[in-house]
Amino acid sequence: MSRHHPDLVMCRKQPGIVTGRLCERCEGKCVICDSLVSQTTPARICDECNYGSFQGKCIVCGNQGVADAYYCIECTILEKDRDGCPKIVNVGTAKIDLVYEKKKYKR
Amino acid sequence: MRKSAKETEQGTAARVAFGTEVAGFDEELYGAPGPLRARDDYVTSINPQESDAEKQKDDDVDAAFLQSKKPASASITAPQYLIEEAAAASAKLNPQDPFKQFMPKTIAEQQNSYLARGLKRVLSPLRAQHAADASKPAGSRVEQNVANGKPPATPDKPPLPPSTPTAIPSTNRPKRKRRWDVVADTATTVTKTQSEDSNLPPNAVPVPDVLPPSAPSSTKPPIPKATRWDAPIPTTTLGSRSRWDATPGTMSMSQVTKKSRWDKTPMVQAATTAGATPILGAGSSAVNTPFVQNGAVPPELVNASRWQADIEMRNRPITDQELDELLPSDGYTILEPPTSYKPVQTPARLLMKTPAVPQTPLYNLPTESEVARETLGIPVELPDTLKSIQMKPEDYKNFAKVLDKNSKDEDLPAEEQVERKIMRLLLKIKNGTPNVRKVAMRQISEKAREFGAEPLLKQILPLLMSPTLEHQERHLYVKVVDRILHKLGELVRPHVRHILVVIEPMLIDDDYYARVEGREIISNLAKAAGLPTMISTMRPDIDHQDEFVRNTTARAFAVVTSALGIPSMLPFLRAVCGSKKSWEARHTGIKTVQQTAILMGVAVLPHLKELVEIIQSGLLDEQGKVRLITAHALANLAEASAPYGIESFDPVLAPLWQGIRLHRGKTLAAFLKAIGFIIPLMDPEYANHYAREVNSILIREFKSPDEEMKTVVLKVVMQCVSCSGVEPRYVREDLAPEYFRCFWIRRMALDRRNFRGVVDTTLQIAMKIGVSDVLGRLVGDLKDESDPYRRMVLETVENVTDKLGLSDINSALEARLIDGLLFAFQAQGNYNDSGSALRALSVVIRKLDRRAKPYLNQIVGIIKWRLNNKSAKIREHAADLVCKIAEVMKVCGEDALMGHMGTVLFEYLGEEFPDVLGSILRAMKSIVEVIGINDMQPPINELLPRLTPILKNRHEKVQENCIILVGKIANKGAHFVSPKEWMRICFELLELLKAPIKAIRKSAVATFGYIAKAIGPSNVLTTLLNNLKVQERTQRVCTTVAIAIVAETCQPYTVLPSMMNEYRIPELHVQNGILKSLSFLFEYIRDMAGDYIYAVTPMLEDALIDRDLVHRQTACTAVGHLALGVRGLGLEDALIHLLNHVWPNIFETSPHVINAVISAIQGCAVALGPGPILMYLLQGLFHPARKVRDVYWRIYNGIYIYAQEGLVPSYPSLSTVDIENEDNEVEDDRYERHELFLIV
C-alpha cells in the first residue's frame, strides 16, 4: 500500500512476536510492495500496534483482519522485512480526501 | 399603515393559503393530508397587538429597503414582509424540508450545543498578539484574562440615564467575548455599535478586527433587527416594539410564550430580516462590511437562501426556446391547454422567485447566471484567474478583496499583495477542481516561508471558525495548516495559541477523521514549537472556568504528551495534578493522564508507576468530579497496560476498595470500573480474593436502574469472570443465577450497548462454567416472541458455540437447540433482519458435525420450502444456509441430498433479484467444492452454458460469485466443455476486467490462466493482446496481468515470441502493455527467467533508451524483477548490460520513474553484488553539483544499509593519496599494505 501512497507512514518500531493481519481487501498483498505473488515471510508487528482495538485489525487500512500479513519473496531478498513494524500508523490523505468527498454527498 | 383587526385576519387567511402552496406539492393532484392538518394548528383569532408587531415589522422592512440600495432586479420582488410571511408560513406548515437531507450540511448545523462552544472561543487579534509577544518575554500571554474566561476590560461607558435600560444584556448573561471588543482603533465605531447591540447570535465569527477603513457600514446606523425573542433587547429601539419583546412589566411571561404563529417562528423571522440585507444589498456597499454581516447571518439561513435560489433555478418552467432545443421543431404542434385547466397559483413561490419566470411576453429575460448571482448579492464578473471556480454566496464576502475584476495587485503595497495572493490560493484550494486545488496547495506550502506565518494564519484561522464551514472545507483548510506547519517550523511559535483555539475542538469532534486530523496537527505543532511553548501557551486554560475549554485542553495535552514523550511531561503533570489552587486544574491534569493512556496504549507501561503516583491523590479529593475522573483515569491506565503493571497500582488498591463502600451512583460506577480493569492484572489468587470481595457489591448493583451502572457492572462481571483465579464453581453457584435473572430480560435487548454487553459477558461466563450450563438456560428463550430478545439469544448461541464447540451438550439439549434454532430461523421477519438466525444455525450445524446427520433432512426440507418464498430476503437466507452447511452434509455422507440440492438450485438460476442470485451461485459453488466436479449434479456441461449469460449481469455480488464458480470449473473440469464455449467465456471475461471490485478482477485474471491451460495459450493470448489497445487503463493493466498469468501457466516459451512480436507494433499502449506484462511475468516466474534473459535483453534495451518516460519506467521495473529472479545464476553479463542502460535514468525527477529506477538498481545490486554498483557510484558521490550528489548518495545509502560488509573489498584504496605529516611535508613513500591485500 505504501508503495502507491507515499504519504503513509509505517510504525517501524521493533517488531514483537505477533503476526500482523490483513483485511479482505488487502489480503494476499505484500505489505511493502503490494505484490500479489510469492508471499514468503510473516510480517510481524510491534506490541503497541497489536494493542487494544488494533488487535486483529488490518495493518494496512485498519479494517477487520481476515488473514496473516506477509512480505513477498522480493522484499525478503531485499531485506525489507527487517526494517521494523510495517503497520501503517496514519490515515493517508487519499483516504481522508475520499471520506470528505463522499461526506459532501451523504445525507 | 395601521390595519384593522379584520383586515389583518383577511390578510392572514390569504397568506396561509399561499403558504400551503409553498409546502411543495399540488393538493389537487396529491391530496393534502399534512399541510391541512398543520393548518389546524393556527389560531384564527389574531391578537390585536400583532398589528403592532406587524407595523413595527413593516417599519423595519421599509427602513431596510431604504438603506440597502437595491439593484434593479430586486425591485420586482414582493414587499419584504410578504416574503417573510411566506417563509414563516412555509416553515410552519412544512417543517420537514423534503430536500433537507440532500443539502450539504455545515459543521455548525450538525454540532450539538457542546461542540458548538468551540466556535465561541476567542481568536484574539494576531497582530496585537504578535506585537505583544515581541515586547514580552517568550511564553507570556497577552490575553490571559481572555483565556481565563474573564471579559476583557472594556472602556467605561458614560452612565446611562435610568430610562434607557441598555445595560440589561450585561446583567442577564455573561458578556460574550468577541474579537471586536478586544479592540482596534480603526474600527472603533463599528466596535461600539456592535458591543451595544448584543443581539448577535452566539456563533458570531471571530474575525480580524481590522476592518477595511472604507467600510461604509460603520457610518450607517445599525439596522434594528428583530432577533432572538428571548434575548434582552435594548429598549432604545423599543419605542413601538411588538409584544414579545415588550417590557415584562406590561405582560406576563406566559403571555409571551403563548402559542401564536408569530412567536412560533422567531428564528426564521429574525434570520430572514438579518439575512435580508446582505442578500438584497447585492453588490452594494453591504459587501464591503463582510465580516460583521457574515457573523450575523446564521448558517441555516445562508444555506436556505442558497438552496432556495438553486431550487428556483431548477424548477422554473421550461421556455419555448429551451423546448426547441430539446425537441425537433417540426413534427410537433403546440397544443392549446384545455379550458378546464387552471395554472397553479402560487403567489408565494412567485413572490420569492427571482424574476426568472417570464411573466409577460414583453419582458426580456436576463441570462440565467446573472439572475442567480444577483439575487444572492454577487458581482457578476470574476477575475480571469478565478474564472473556473465555483463560488458560494459567503465566499463573496470572505474573499471579496480578490474578486474585484478591476483592482490590480500592482498598485498595492507589498503586504496587501501577499494577502491577496494567499486569499486567491485559499479560494482555489477551497472551491477549485482537484487539479487547481493540488497546484494551489503545492504553491501555498512551497511559498509558506516566503509569505510568512502571520499573513497566512491571519486568513486561514478566521475562516476555520466560520459558522458556514462545511466538513470538506474544514478538511481542506486544516490540510493547508498542516502543510504550512511543516514548512514554517519554529516560525509558528507566536501563533500557537491561535492554532490551538481553532484546532482543539476538532479533538472532540464526532467524526473520527476530524479527530485524527486534529491530533496530527497538534502533534506537528508540538514538534515544531517545542514543549515549553506548548505548555506556556496552554497553561492558562487548565483551570479555565468553561468545562469545554478544559476538556479540549486536556486532550490537546495528551496529544502533546504522545508526540513529545511522557517523561518530559511528567514534572508538569505532577505540578498540575497536585495543584492546591483550584480543583479544575487537578481535574484537567488527571484528565490529561487519562487521555494519554487512551491515546498511547501500552506505551504508558514504562511510566506507569509515576503516572499512577501523580493521580492517586485524586481518589481522595474533596471534589467529587476529581474523584470521578481519577477513577476513570485509573481504569484507562489499567486497560492500557494489561496484562502487566499491577505493582504500579498497589498504592491505589486500598482507596479504591474503600471507595466502593463509601460511594454511590456515578462515582461508584467509576470506582467499580477501575477495579474491574485492575483485577485482570493481578496474580490468580489475589484476583480470586478481590473478585469475591467486589462481587457482593456487583450483585447488589445488578438491580440498579441506572444505564451507566448497568454497562459498568456487565463489564466488571466480564473481567472478574475471565480471571484465571476465579473458580468455576463460585461463578456457577453464586454469580450465574443472579446474573441470568437480572440481565437476561427482554428490556436489555432493546438498548444496543446493553445488548452487546450481555452477549459478551455471557460468552465469558460460558467460557468459565461450560457451554451446556449456559445453553441449557438459554435454549428455551430461542422461541421467545420478542424479536430483539431472540436475536440476543441467537447471537449468544452463535458466539458461545463458535468459541467453545458443542462437545459437552447431551442429545436432549442438542435436539432442543436445533428445534429452537429452526424455529428462530423460520420466525425471522423478512424485514430488518440481520441474519443472526442464519449465522447461529450454520455455526451450530458446523460444530455438531457428524451429529447433525439426523437433522439434515429436515433442514433441507425447510430450505427448499423457503427457496420458494416470495420474499427475496428469505430466499437469500435459504441459499446462504446451503452454502454454510454444504461441508457438513459431505461429512455426514449425504451426497445424494447434495446432488438433489444442486439440481434444485440449478432450477433457481433464473432468479431475478441479484442478491438472491448471488447467494444461489455461492451455494452452488460450495456444493461443487465439496462434491467434486465429476459428481456434480447437474453435470458441468449443462451447468456452464447456463452460467455464461449470467456473467453479463452487472451486479457485483452476482459477478463475483459467478466468476469464482466459472473459475473453479475451468480449473478442475475444463474438459467437460468445448473449447468454443471457453473462448466465448474468454470474451465475457474481458468485460469483467473493468469491474470496480478487485476480487472480481482478480478471479477473472486467474480464470484466464485456467482457460489457457485447458485450451492452449494461442487463442486466449490473441484475445488478450488485442485487448491491450483499449483506452481504459484498468482494463489494460488487468490484461497485462492476465498475459503474465497465461505465460506462467503455459510456460513462457509458448507466449514470449508472440509478445515480443507484438512489441514491434509502434503503438504506445501496446508496447507499454507488453513491457508491463513482462515485468509481471518476471515477478511470477522468478528464476525461470534465467532461460529467457538473453532473448528479452534487446527488447528491454530498446525500451530503456526510448524517448517515452513510461517506457523507461516500466522497463526499469522489469529489469528489477528480472535481476532479483536470476540472482546467483551467473548471468551478470546481461545484467551489467541492462544496468548500463538503466543508469542514465537516475536523474529522472518524476517520482514513479525514479522509484522504478532505484528498484532496478537495487535488484542489480543483489544480483551483481554491491561492488560493481559502488564503482558506478564513485563517479558522482563527490560531484560538485548538489543535485547530482543527492541521488548518488541516496543510492549509496541504500546499498550501504543492504550490504555494508560487501562494500569493504570494493572501497578504493586511498594509500596513493598524499598524506601530510605533522610538518606539512608530503609523504609519498610510506609503505602500506592492509591485511586484506595479503590474503588476496
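Rings of Phe, Tyr and Trp, the last taken by its six-membered ring, pair if their centres lie within 6.5 Å. In this predicted model, such ring pairs link F702(B), Y739(B), F740(B), F743(B), W744(B) and Y789(B) into a cluster. Over all chains, the count comes to 16 aromatic pairs.

One of these pairs joins F1147(B) to Y1192(B). The ring centres are 6.2 Å apart and the planes lie at 50°, so the pair is tilted. The pair links distant parts of the chain, its members being 45 residues apart. F1147(B) sits in the loop between α59 (1132-1142) and α60 of chain B. Y1192(B) belongs to helix α62 (residues 1186-1207) of chain B. Y1192(B) counts as buried, because its relative accessibility is 8%.

A further aromatic pair is formed by W1193(B) and Y1196(B). Its geometry is edge-to-face, with 5.2 Å centre to centre and 85° between the planes. Both residues lie in helix α62 of chain B. They are three residues apart, about one turn of the helix. W1193(B), at 31% relative accessibility, counts as partly exposed. Y1196(B), at 11%, counts as buried.

The interface between the chains was examined next. Contacts involve 34 residues of chain B and 28 residues of chain A. About 2,800 Å² is buried between chain B and chain A. Carbon and sulfur atoms give 57% of this area.

Two salt bridges are counted between chain B and chain A. D97(A) forms a salt bridge with K479(B), with the closest N and O atoms 2.9 Å apart. Across the interface of chain B and chain A, 10 residue pairs are in polar contact, both residues of each pair being at pLDDT 80 or more.

On the side of chain B that touches chain A, two or more residues come from each of several helices of chain B: α26 (471-488), α28 (512-529), α34 (624-641), α52 (998-1015), α56 (1068-1085), α58 (1109-1125) and α60 (1151-1168). The largest share, six residues, comes from α28(B). By residue class, the side of chain B that touches chain A divides into 13 nonpolar, eight polar and 13 charged residues.

Note on methods: Residues are numbered from 1 along each chain as its sequence is written. Chains are lettered from A and ligands numbered from 1 in the order in which they are written. This is a predicted model: local features need pLDDT of at least 70, side-chain atom pairs count only at pLDDT 80 or more; totals for chains, interfaces and linings use all residues. Side-chain values use heavy atoms; hydrogens and water are left out. Contact means heavy atoms within 4.5 Å. Buried area is the accessible area (1.4 Å probe) that two parts lose on being put together, summed over both. A salt bridge is a side-chain nitrogen of Lys or Arg within 4 Å of a carboxyl oxygen of Asp or Glu. A polar contact is a pair of N or O atoms within 3.5 Å; within protein, one must be able to donate a hydrogen and the other to accept it, and residues adjacent in sequence count only if both atoms are side-chain atoms. Helices (H or I, at least four residues) and strands (E, at least two) are DSSP runs, numbered from the N terminus. Ala, Val, Leu, Ile, Met, Phe, Trp, Tyr, Cys and Pro count as nonpolar, Asp, Glu, Lys and Arg as charged, and the others, Gly among them, as polar. Rings of Phe, Tyr and Trp (its six-membered ring) pair if their centres lie within 6.5 Å; planes under 30 degrees apart count as stacked, over 60 as edge-to-face and the rest as tilted. Buried means under 20% relative accessible area, exposed over 50%, partly exposed in between (1.4 Å probe, protein chains only).
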